[in-house]
Structure formats: structure tokens, C-alpha cells
Amino acid sequence: MKFFLDTAEIEDIKKAVALGICDGITTNPTLIMKSGRNQKDVIQEIAKIVSGPISAEGIGDTTEEMVKEAEEFSTWAKNIVVKVPMTKEGLNAVRILSKKGIKTNVTLVFSPSQALLAAKAGATYVSPFVGRLDDIKEDGMLVISEIMQIFRNYGFATEVIVASVRSTKHVVESAKLGAHIATIPPKVLEIMWHHSLTDKGIQTFKEHYEKHKNTVK
Ligand code: E4P
């Protein structure tokens with residue numbers, strides 16, 4: 001399973017890269033806005049740190065606008081993946097970009113039928129948003145399970161990026177379902193390291209070491 005980081009924060013990316021757990025990056029206009037920086041500058045800086053796929057998202061509505069944006073983004077670095085929204089115009093753009101050898105990530109996917117259409121269009125990646133589904137009292141992980149079953153049935157090459165991840169449970173459930181990738185916000189990644197029994201166990205072993213070290217030769 002690959003771990004992508006869902007962020008445009010350079011320091012967070014550097015930390016995950018140093019730990020060897022950053023296989024790629026996803027960004028969106030909200031994350032770029034939060035970084036307070038120009039999109040091209042941030043993406044190019046990320047590309048100096050991360051060799052895996054880096055998703056960049058535009059705001060085009062028509063197929064032509066999306067293809068134009070994608071062509072521009074793909075000049076920024078060799079590992080750019082272009083995020084395309086799950087619309088008819090978006091999937092037309094995916095077909096065109098796929099023929100041009102530009103990798104795509106179909107974003108804002110909320111149902112298995114949308115994922116199936118994106119895979120048939122030749123998307124490199126598809127991003128179902130589990131957290132936003134849970135927010136409206138739907139079952140995000142059920143959608144992942146259905147997409148994985150469909151992709152396996154037909155051997156689609158499209159990889160599933162579990163997006164809008166809000167908890168360690170989302171990551172673990174994704175792994176159990178065999179999802180190719182989870183794109184994880186830095187805050188969730190940080191929580192994944194911890195368990196209170198780990199901290200307690202380290203403390204106890206240290207105490208016992210100190211207690212014992214001068215009692216025997
Ligand atoms: C994925 O590519 C998106 O950037 C992201 O996961 C959206 O997450 P959110 O629902 O927390 O905004």
C-alpha cells in the first residue's frame with residue numbers, strides 16, 4: 001500500500017520523506033490556499049523533495065480548459081499528475097490526456113459508478129472522498145469496498161486513492177480492502193504512530209532497567 005500526503009505544507013512533507021513514508025502528494029486549491037503561496041512555486045518545491053506522483057488541480061470547467069491547464073502543469077515537473085473533476089467534461093479531458101501520456105487523478109468521486117466511468121476513461125488514479133461521504137451519514141468505506149471489487153473484476157489498471165481521510169481507521173480499513181493508496185493529512189499520519197500502551201511500555205521498561213542495572217554484576 002502506498003501512502004501519499006494530502007498537503008501543500010513543505011515542512012510536513014519533508015518530515016514524512018525523512019521517515020521514508022511518503023510515496024506521493026496530493027494537493028487541491030484549498031490546500032494551496034492554506035499554504036498562502038503560489039501554486040506553481042509550491043508544486044515545484046514539492047517536486048524537488050518528492051520523486052513520487054504529485055497531484056495538482058486546476059479550476060477549468062470545459063474539456064479544452066482542463067486540457068490546457070494539464071499541459072501547463074505537466075511542464076512544472078516530470079512527476080505531475082493532473083487532477084480532473086468527475087464530470088463529463090473532465091472524463092473527456094482524461095481520455096485526451098491519457099493519449100498524450102499525461103497522468104490523471106479523477107477527483108471528487110463519491111460513488112462506484114463514477115469510479116467505473118473514470119476507469120473506463122483511462123484515469124491513472126481515481127480519488128473517492130470517504131470523509132465527506134461519512135459527513136453526510138453515508139458509508140465512505142463501503143464505496144471503497146465496492147470500487148475495489150469492480151476494479152478487480154475487470155482488472156482495471158486505474159489505482160484507487162482513498163481521499164478525504166479523517167482517521168487512522170480510514171487508513172486501516174483501506175489497507176484491509178486492498179486500496180492501492182491512501183492520501184493522508186499530516187495530522188492523521190501523526191496519530192498513526194501512537195498508542196498509549198506503547199508509551200506506557202517504554203516508560204515501564206526504562207524504570208525496570210534503572211531499578212535493575214546496579215543490582216547485578
Ligand atoms: C484529495 O485528493 C483531496 O485533496 C482531499 O483528500 C480532500 O479532503 P477533505 O475532504 O478533508 O477536504
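These questions and answers concern a predicted model and its ligand.

Trainee: Which residues have the most contacts inside the largest nonpolar core?
Mentor: That core holds 57 residues. Helix 8, residues 140-154, gives the largest share of it, six residues. Apart from it lies another core, of five residues, Phe 4 and Val 81 among them. Inside the largest core, the residues with the most contacts are Ile 25, Ile 46 and Val 106.

Trainee: Leaving aside neighbours within four places in sequence, what is Val 106 in contact with?
Mentor: The partners include Val 84, Pro 85 and Met 86. Leu 91 and Val 94 are also among them.

Trainee: Is Thr 107 buried or exposed?
Mentor: Thr 107 is found in strand 5, residues 104-109. Leaving aside neighbours within four places in sequence, its contacts include Glu 57, Lys 83 and Phe 129. The relative accessible area of Thr 107 is 0%, and the cut-off is under 20%, so Thr 107 is buried.

Trainee: How far from an oxygen atom of the ligand is a polar side-chain atom of Lys 83?
Mentor: Lys 83 is one of the residues around the ligand. Others there include Asp 6, Thr 26 and Asn 28. For a polar side-chain atom of Arg 132, the distance to a ligand oxygen atom is 2.7 Å. For one of Ser 164 it is 2.7 Å. For Lys 83 it is 2.6 Å.

Trainee: What percentage of the ligand's accessible area does the protein cover?
Mentor: On its own, the ligand has 340 Å² of accessible area. The protein's cover of that area is 85%.

Definitions and conventions
Residues are numbered from 1 along each chain as its sequence is written. This is a predicted model: local features need pLDDT of at least 70, side-chain atom pairs count only at pLDDT 80 or more; totals for chains, interfaces and linings use all residues. Side-chain values use heavy atoms; hydrogens and water are left out. A nonpolar core is a set of buried Ala, Val, Leu, Ile, Met, Phe, Trp, Tyr and Cys residues joined through side-chain atoms within 4.5 Å. Buried means under 20% relative accessible area, exposed over 50%, partly exposed in between (1.4 Å probe, protein chains only). Helices (H or I, at least four residues) and strands (E, at least two) are DSSP runs, numbered from the N terminus. Contact means heavy atoms within 4.5 Å. A residue is near a molecule or strand if one of its heavy atoms lies within 4 Å of it. A polar contact is a pair of N or O atoms within 3.5 Å; within protein, one must be able to donate a hydrogen and the other to accept it, and residues adjacent in sequence count only if both atoms are side-chain atoms. Accessible areas come from the Shrake-Rupley method with a 1.4 Å probe; for residues, only the protein chains shown count as cover.
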